Amino acid sequence: MTLACRRRAPVLDPAPATANEWTTWQGLSSVLPELATGTTGVCVVGTAGLVGLLPSGDGLLMWWFDVHQPLEGSPAAALAERFAGYGALVEQLLENIRDEDLESFRHVTHHVPDQWGHGGATLLGDAAHAFPPTQAQGANQALEDAWLLSRALRVAPADVPRALRRYEALRARRVRRVSRRAVSERTNKPLPAPVRVLARIIPPRLVGEAYVAQLRGVSSILDYETV
Ligand SMILES: Cc1cc2nc3c(=O)[nH]c(=O)nc-3n(C[C@H](O)[C@H](O)[C@H](O)COP(=O)(O)OP(=O)(O)OC[C@H]3O[C@@H](n4cnc5c(N)ncnc54)[C@H](O)[C@@H]3O)c2cc1C
């Protein structure tokens, strides 16, 4: 991510991405074999932040902790303290984590302008619009950029700068939506009580439809955007 940000400087403003107070502590190891060999992921959210557990093949489990404020001292010990009470799975995971298993990623955000380039130069992916990983959309939005960029160049090969500005403007309005949601870090926080009640009474089909509608709003592909 840092390298991609540096490549942004000659094309866009040199302002670095700004970090907020959240960090992802992440690792991949052979723990919780029943979960690791299955096909279901688990997320647990509480006042300390979010824990994610995801089967990753070959008996490995990817796990991460999204935490607010830096950890002090041994990160493994600090996580064990903060995430005590997150249930049996998380407890078992924490018992098996050592400091050397952990890698940390600060959550950073770029300002996303309408224009990401000049003349025949443009950007895509994190170089244009890094944001916190909380919406699981960083790589997805980079792929969306690549899809629309290739279409823009195919449609207007004779006027590349114009095609690039059109690509940037179309992608920027969608990326900004994801970026705003990601920056809110709302997936790392417990749901407010009224939303918890709604979540229990709304039929799962409607929840699914709302989620797809939200994805459409950030996707040039699902909306089949024309250049
Ligand atoms: C903890 C964490 C969890 C995430 N989870 C998700 C998720 O669940 N879903 C999701 O969609 N996204 C997720 N993301 C975001 C995703 O990883 C990024 O958005 C995505 O990797 C961006 O892709 P990119 O190609 O734009 O940039 P990068 O992946 O940073 O690729 C840029 C590449 O260019 C190389 N490079 C840079 N400068 C040069 C140079 N001068 N010469 C040659 N090579 C160079 C770099 O080494 C790098 O390999 C997560 C990110 C983090 C940190």
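Predicted model: local features only at pLDDT ≥ 70, side-chain atom pairs only at ≥ 80, totals over all residues.

Modeller: The protein chain exposes about 12700 Å², with accessible areas taken from the Shrake-Rupley method with a 1.4 Å probe, where for residues only the protein chains shown count as cover. Residues are numbered from 1 along each chain as its sequence is written, and side-chain values use heavy atoms, with hydrogens and water left out.

Of the 227 residues in the protein chain, 39% are buried; buried means under 20% relative accessible area, exposed means over 50%, and partly exposed lies in between (1.4 Å probe, protein chains only). The secondary structure comes to nine helices and five strands, where helices (H or I, at least four residues) and strands (E, at least two) are DSSP runs numbered from the N terminus. Along the sequence the pattern reads α-β-α-β-β-β-α-α-β-α-α-α-α-α.

Now to the strands. β3 is largely enclosed by the rest of the structure, because five of its seven residues are buried. β2 and β3 pair in the antiparallel sense over five bridges; two strands count as paired if DSSP finds at least two bridges between them. Cys43 has Gly52 in β3 as its bridge partner. The hairpin from β2 to β3 passes through two residues.

β3 and β4 also run antiparallel, joined by seven bridges. Here Leu53 stands opposite Trp63 in β4. The hairpin of β3 and β4 has five residues between the strands, and Gly57 takes a positive phi near 90 degrees there.

The helix to look at is α4, residues 88-95, in which Val90, Leu93 and Leu94 are buried. They cover an arc of only 95 degrees around the axis, so they lie on the same side of α4; the arc is that of the directions from the helix axis to the C-beta atoms. What covers these buried residues includes β2 (42-46), β3 (49-55), β4 (61-68) and α3 (75-82). On the face of α4 turned away from its buried side are the exposed residues Ala88 and Glu95.

Notes. Contact = heavy atoms within 4.5 Å.
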